[in-house]
Structure formats: C-alpha cells, structure tokens
Amino acid sequence: MKKEVDVSKHELVPKHEIISAKEKEELIKKYGSLKNFPRIYSSDPQVKLLNAKPGDVIKITRHNDVTGESIYYRVVVEKED
C-alpha cells in the first residue's frame, strides 16, 4: 500500500496559495502579461494539493532568517512533453 505524503506540511516547503481574480488583475496591470511570469507545472505536488488549474496564479511566501519574508508569483501551466 502506497502512503500519500502531504508535502505542504514539510518545514522546507513554503506557503503556496491561489490568488484571487482581483489580485491577478492587479499583478497584470503592474507587471504586464502572465506570459512574463515564471511558471509552475500543473503536475507540481503543491499545485495538485491546491487544485489549481492552468492560468491560476500561485503566491509563494518564503521565510528566511536573514532577509525576512519574500513573495514570489508563478502562473500554473500544463507540462509540455
């Protein structure tokens, strides 16, 4: 029997969340097209856990003892073969 592991509970995995449509709109106004954003595959374990779909934007919040909190955004895409 294969045991499922919840990767979101691991101490090295930063917080991932889907942003709202309004937040997404504001990011596009500020930074331009989603084509300019870094990508994250729909097959990523965190994306699957969030049930995110291609086109969704994921906000990743990382904590560092030196620099504090850093926020990154990734747009969900299908993995190309």
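Predicted model: local features only at pLDDT ≥ 70, side-chain atom pairs only at ≥ 80, totals over all residues.
Numbering runs from 1 along each chain as its sequence is written, and side-chain values use heavy atoms, with hydrogens and water left out.

Now switch to cartoon. You'll find 2 helices and 4 strands (DSSP runs numbered from the N terminus: H or I of at least four residues for helices, E of at least two for strands). Trace the chain along its sequence and the pattern reads β-α-β-α-β-β. Of the 81 residues, 23% are buried (under 20% relative accessible area; exposed is over 50%, partly exposed in between, with a 1.4 Å probe and protein chains only).

Next, select Ile19, Leu27, Leu34, Phe37, Val57, Val75 and Val77, the 7 residues of the largest nonpolar core. Such a core is a set of buried Ala, Val, Leu, Ile, Met, Phe, Trp, Tyr and Cys residues joined through side-chain atoms within 4.5 Å. Centre on Phe37: setting aside residues up to four places away in sequence, Phe37 touches Leu27, Tyr31, Gly32, Tyr73 and Val75 (contact means heavy atoms within 4.5 Å). A second, separate core has 6 residues, including Ile40, Val47, Ala52 and Val76.

Move on to Arg74, in strand E4 (residues 68–77). Arg74 is buried yet has no salt bridge, and the nearest side chain of opposite charge, Asp44, is 8.9 Å away. For these charges, Lys and Arg count as positive and Asp and Glu as negative, while His and the chain ends are not counted. Leaving out neighbours within four places in sequence, show the contacts of Arg74: Pro38, Arg39, Ile40, Asp56, Val57, Ile58, Ile60 and Arg62.

For a salt bridge (a side-chain nitrogen of Lys or Arg within 4 Å of a carboxyl oxygen of Asp or Glu), pick Glu17 and Lys15, whose side chains meet at 3.8 Å, N to O. The structure holds 1 salt bridge. Glu17 is partly exposed, at 27% relative accessible area.

Last stop: Asn51, in the loop between helix H2 (45–50) and strand E3 (57–64). Asn51 is not a glycine, yet its phi is positive, about 60 degrees. Most residues other than glycine have a negative phi. With 52% relative accessibility, Asn51 counts as exposed.
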